[in-house]
Structure formats: structure tokens, C-alpha cells
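Dear colleague,

I am passing on the structure we spoke about, and you will find the sequence and the coordinates just below. After them I have set out what I found, so please read the two side by side.

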Amino acid sequence: MIVRFEGDVYRWEARTDSDWYFVALPPELSDDIRETQTFRRGFGGVRVDATIGDSVFRTSIFPQADGVYVLPLKRAVRDAEGISPGDIVVVDLVVLDA
């Protein structure tokens, strides 16, 4: 599964001892991934390749309590692409575990 979506960058407020930044996938896309997913990793994670701007990286997306998946944004990607909280980013996502 290969998809493109836009999302707002936000800081995870539950952790005050470190900075974790995420982009939430749209609810419909989260539903589609959940329906086609054949393999779940720890914490319900799904392995993906993501592209934002010129940065390509492998990570996992994770479901939240509301069922929406979130994509963690590594510091190296945020720095390379000049991403800050509140920015809207375009993400190309290749779901590897579906």
C-alpha cells in the first residue's frame, strides 16, 4: 500500500522529559491500514517507509486510543526538512507490513 497524505506536526504532550513529534494519519487511511494489516509489531506498530521532502526513512506507525495511527518524526528528518510543531507536512507512505 502506497499513500500520500497531509498532516499537522505536533509534540506529544504526555512526555515532558523528552521531545517526541508526530503526524497523525487521516482516520480513513488509518481504517484502511488496520483492515489490510496482516502483521502487528510491538504496541500495534506497522512498519513503513516514509518520505517527507527529500528525507526518506523507515519507522513504524502506531495506533492511538482513538484508532488513528501516528507517524513519529525523527529529529534528523525534522532538522533536514525544517519541520516545527504546527507545520503541515506532505507524507508519502509505503506500508510494509500490510
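How many helices and strands does the protein have? There are two helices and six strands, and, read from the N terminus, the elements follow the order β-β-α-β-β-β-α-β. Please keep in mind throughout that this is a predicted model.

Some overall figures come before the details. The protein has 98 residues, of which 39% count as buried, and its exposed surface comes to about 5,700 Å², with carbon and sulfur atoms supplying 51% of that area.

Helix 1, which spans residues 27–36, has Leu29, Ser30 and Ile33 as its buried residues. These residues lie on the same side of helix 1, because the arc that they cover around the axis is only 100°. Glu28 and Glu35, on the other side of helix 1, are exposed. As for what the buried residues of helix 1 pack against, the partners are strand 1 (2–11), strand 3 (46–52), strand 4 (55–63), strand 5 (69–72) and strand 6 (88–95). Ser30 deserves a separate word: this residue of helix 1 counts as buried, with a relative accessibility of 0%. Setting aside residues up to four places away in sequence, Ser30 touches Leu25, Gly67, Val68 and Tyr69.

Which residues touch the most other members of the largest nonpolar core? They are Leu25, Leu71, Leu73 and Leu93, in a core of 23 residues. Two or more residues of this core come from each of strand 1, strand 2 (21–24), helix 1, strand 3, strand 4, strand 5 and strand 6. For Leu25, once neighbours within four places in sequence are left aside, the contacts are Phe5, Ser30, Ile33, Ile61, Val68, Tyr69, Val70, Leu71 and Leu93.

Phe57 is placed in strand 4 and counts as buried, because its relative accessibility is 6%, under the cut-off of 20%. Beyond its neighbours within four places in sequence, Phe57 is in contact with Val48, Asp49, Ala50 and Ile52, and also with Leu71, Pro72, Leu73, Lys74 and Val77. Phe57 and Ala76 stand 19 residues apart in sequence, and the distance between their C-alpha atoms is 9.8 Å.

Finally, I looked at the aromatic rings, where the count comes to two aromatic pairs. In one of them, the ring centres of Trp12 and Phe22 are 6.1 Å apart and the planes stand at 90°, so this pair is edge-to-face. Trp12 lies in the loop between strand 1 and strand 2, whereas Phe22 belongs to strand 2, so the pair ties together parts that are 10 residues apart in sequence. Are these two residues buried or exposed? Trp12 is partly exposed, with a relative accessible area of 37%, while Phe22 is buried, at 9%. Ring pairs also bring in Tyr10, which is linked with Trp12 and Phe22 into a cluster.

With best regards

Note on methods. Residues numbered from 1 in each chain as written. Predicted model: local features only at pLDDT ≥ 70, side-chain atom pairs only at ≥ 80, totals over all residues. Heavy atoms only, no water. Helix = DSSP H or I, 4+ residues; strand = E, 2+ residues; numbered from the N terminus. Buried < 20%, exposed > 50% of the residue type's maximum accessible area, 1.4 Å probe, protein only. Areas by Shrake-Rupley, 256 points an atom, 1.4 Å probe, with all protein chains shown as cover. Arc of directions from axis to C-beta. Contact = heavy atoms within 4.5 Å. Core = buried A, V, L, I, M, F, W, Y, C linked by side-chain atoms within 4.5 Å. Phe/Tyr/Trp six-rings, centres within 6.5 Å; stacked < 30°, edge-to-face > 60°.
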